[in-house]
Amino acid sequence: MARWQRAIWMPLPWDGGDYVADAPFKIVHHTTEGSTAEGAFGTYQQTHSIPHFTVDAAHIYQHLDTGIAARALRHTGSVETNRSSAIQFELVGFAGRPKDRAALTNAGLLCRWIEATHGVTPVWPSGYPNPPQNGGDPGHHNRSVENWTTRSGHYGHSHVPDNVHWDPAYTKDEADFVMAVGLAAPQLAPAQGVGWRAPPARPQQVGAYFQLASPAPAIGPQPSLPQPYFKRPTQGVFAQAAAAPMKWTVGDLCRAYDWPSNLGGGGVIAIVELGGGYVPSDIAAFFAANGQPVPAITDVPVNGGVNAPNQHIGDPRDPDIEVAMDIEIAGAAYFAATGKPATIRVYWAPGDQPGSLAAAIRTATADGCDVCSISWGSDEDNWRSWGQPIGQDLLQDQEAAAQAATAAGMIVFAATGDNDSGDGGPTPANVDAPSSCPHIIACGGTSKTRSSETVWNNDPGNTSGEGTGGGFSTAFPPQAFQAGAPMGPGRMIPDVSANADPNTGYQIVVHGQTITSGGTSAVAPLYAGLFAAFGRKLGFVTPTLWKNHLCFNDIVDGDNGAFRARIGPDACTGIGSPVGVKLAALFTQQAPAIARAASRQALLQFQLNTEASIAAELAARTQAHQAAMAGLRIARAQAAGAAAPAPSPLILLAHGDSWFDYPLTGNGLPITPTDIIAQFGKVGRPAPVILNMSHYGDATTTELSLPKQQRLRDSLQDPANWRASGKPDAILFSGGGDDIAGDQFCICLDYAAVGSTGLNLTRFADVLGSVMASYLDLFAFRDRYAPGVPIVGHCYDFPIPSGVHPLCAGPWLKPSLDFCGWDVEQGTAIVRVALTRFREMLLGLANDRSNNFVLADTQGTLMASEWANELHPDPAGFAKIAGVLAAALRSKFPGRI
């Protein structure tokens, strides 16, 4: 019957069947008896006891359409339970303990939607659930069969006939709270020192700007215009703990972040503004006070937008403050790194036009800007609501604009918002766009003093207070480049962070006065100024940032409401605040000097690991392969009857990882395939004709995933790809290296200690077990779709875990070894043991004749000088490996290669 658009769709395959006729709809409240949603999901998998929804403090997950029965209730057969039109949700928590306030808020919002959608009466027909007694079952539950079968309303699990559970055991305050959410601003007495505050009023549009207005209705997102993300100092937590807020000049803050100096610069900074304006005298006064030259500033109108200062003086949300912050911080950050004035282009777009933000990004891209800073935004649901009446997906439009921008070499930074994890939205966890777009670097906020740095949050306990935005997108899926990020339903933001607390804020000049301001608005232009100083078009650098955590200060203290900081990436500050000199070393020493002149399309194909680009690349390979096959058929027809026909080349299907698909000549440009498949033309005559369906970076579990198997099946079943036999002579397979190497390599390692051998053989055996399962599945796939065709695979030679890697990926081994305390020499021995074990596993598969698997034993083939980096040989090394595979093919097909 229905799925709630605000819930995260996480379908599970077990349902309770159709509802019985004439049963009134009701809502059943459960508790998971656990502390995490993930734990509940594991229980569902084991017991198949599935509710319609799972609710925690940050998310609402929907597992079943509400038009079909769930199966989280006991059913003995005497009274219908699950099928009695019972819509069921599990609240993460325990019956015998106080319930999390944010989770109760989400539960209440869910109940309002169910009531409105299914006509459920907002009453408790069998009375309130009995509260716990000394943390245990209070007993005396009203499990009235008459109420259950005849009356619509809310029931606890404890009210359901023939059931013995006593959850949810709400207190009266908790039950009233759940029933009041969305109808009024509920007040709940604090439990165990934890208080609840109603969210602040949602911002509603006033012309092109914002002011606090009356609360929006709780059900259904209320569209509102993008807002600027700046904050003025308040008498919050920081002010209570210190005599007065501290102030940073941009130059001092850059020095605190180890900014580089004397860089060549040359990058053009684009700044997108959706309102407000500046006067040149303010800009001149700021840079004069900081002893810096004034940047070269160009105003660029977009869709009729203009520089319009002094329209909102005195308004606490005066957008002129935003504009001043953006220009002054970006320009000063650039000067700190170069000693030169910045070149800034300000793109003025009307904030009341739905597509103006994406249009501004596209205009800056067309103008050739190198970096772009955006300090405006709104939560994802606002963008959805704004676009629905005009039939436009504004979120996807922003992502498309950002993807095109990075393809052209422009980096895009955007603020994550200033209202904690709630982002000013109706639930405790919402994220902001455009910062949630995968091709935009999301910039979160910290509170930085001269001696410490923590998550910026001036309203602890309030998920929509004053603090850094951050969480998980409901519009964009998790991103593969965010290795080490906590698990969530979508892309995590922020990616990076820096000082944003207005109580440790930035000194700027606006309306002729020096003021202190902050917000995540300050972070985007700070990064833009730094990256413009690198002086080159870097494009989609986000994966590179995530692979270089040591270029950032890890922020481990604080929270933003629904999420807490931790060691490593988190949904408060991402991978941390910048270490400027390390970022400069990363991008000015290793970035390809010829990036501007390189083929942009080729670079895009290498950088963007998206299904669309992969599909286009494989389609082009298939087209070229089919053309080659057509040529072979013509040549064979012309040679018919010849006394000594030429040997027929092998027709092969290749599927694998980067050893079959490595598009670099070592570690940099130009982009030219140098992998094993590319080398096959040099190692035998006649050269085999190969349909290569490989893609770099794939683990065996990805290579054998459903989409990849479907793609292989379609290739095998297309007669244009093969001779009259309808199948290839052999299948080449490369897989297993990416299951072991990468950020997950640390799982296989013990920490360095006396008596430790480095590789944890028990855990590594589990990894090999997964790899073996993938190989066995490949054999089964082959037996079904290409029976009798041999599979030829290879092991891996012994690399040196030196940390050498191309700019776009890696390192894959050294970071884990460093983390666990092993040096390069010790790491080399550890890697040798791991790859020897991998080879032994493959030999076992090859020795089983029923597998029809030939192993090309490549270990011991390469010299140290023939490795380009930690995982890949140089072109000469790949040629040697290809020679070993060619020899294995000759053993199966004498005279054919």
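Start in the largest nonpolar core of this predicted model. This core has 78 residues, and those with the most contacts inside it are I676, F680, L732, Y775, F838, L842 and L889. Select F838 and display its surroundings. Leaving aside residues up to four places away in sequence, F838 touches G735, G736, I740, L768, V771, Y775, H794, C795 and Y796.

Next, two helix pairs. Select residues 706-717, helix α19, together with residues 761-785, helix α21. The two axes come within 11 Å and cross at roughly 30 degrees. Because angles under 35 degrees count as roughly parallel, α19 and α21 are roughly parallel to each other. The crossing in which α19 passes α21 is right-handed. To see the contact, show Q709, L712, R713, L716 and Q717 on α19, then D777, F781 and Y785 on α21. By type, the residues in the contact of α19 with α21 are four nonpolar, two polar and two charged.

For the second pair, select residues 380-387, helix α10, and residues 394-407, helix α11. Here the axes come within 8 Å and cross at roughly 110 degrees. Angles of 65 to 115 degrees count as roughly perpendicular, and α10 is therefore roughly perpendicular to α11. On α10 the contact is made by E380, W383, R384, W386 and G387, and on α11 by L394, L395 and Q398. The residues of the contact of α10 with α11 divide into four nonpolar, two polar and two charged.

Now turn to the backbone. Select D167 and P168, which are joined by a cis peptide bond with omega of about 10 degrees. P168 sits in the loop between β6 (153-156) and α4 (172-180). Then go to A433 and P434, where a cis peptide bond has omega of about 20 degrees. P434 is in the loop between β16 (432-433) and β17 (441-448).

The last stops concern phi. Select D22, in the loop between β1 (8-9) and β2 (26-31). D22 is not a glycine, but has a positive phi of about 70 degrees. With a relative accessible area of 80%, D22 is exposed. Finish at S85, in the loop between β4 (60-62) and β5 (86-91). S85 is not a glycine either, and its phi is positive, about 50 degrees. S85 has 3% relative accessibility and therefore counts as buried.

Key: Residues are numbered from 1 along each chain as its sequence is written. This is a predicted model: local features need pLDDT of at least 70, side-chain atom pairs count only at pLDDT 80 or more; totals for chains, interfaces and linings use all residues. Side-chain values use heavy atoms; hydrogens and water are left out. Axes are lines fitted to C-alpha atoms, for helices over the stretch in contact, and angles run from 0 to 180 degrees between N-to-C directions. Helices (H or I, at least four residues) and strands (E, at least two) are DSSP runs, numbered from the N terminus. Angles under 35 degrees count as roughly parallel, over 145 as roughly antiparallel, 65 to 115 as roughly perpendicular and the rest as oblique. A crossing is left-handed if the near helix is turned anticlockwise from the far one by less than a right angle, and right-handed if clockwise. Contact means heavy atoms within 4.5 Å. Ala, Val, Leu, Ile, Met, Phe, Trp, Tyr, Cys and Pro count as nonpolar, Asp, Glu, Lys and Arg as charged, and the others, Gly among them, as polar. A nonpolar core is a set of buried Ala, Val, Leu, Ile, Met, Phe, Trp, Tyr and Cys residues joined through side-chain atoms within 4.5 Å. Buried means under 20% relative accessible area, exposed over 50%, partly exposed in between (1.4 Å probe, protein chains only).
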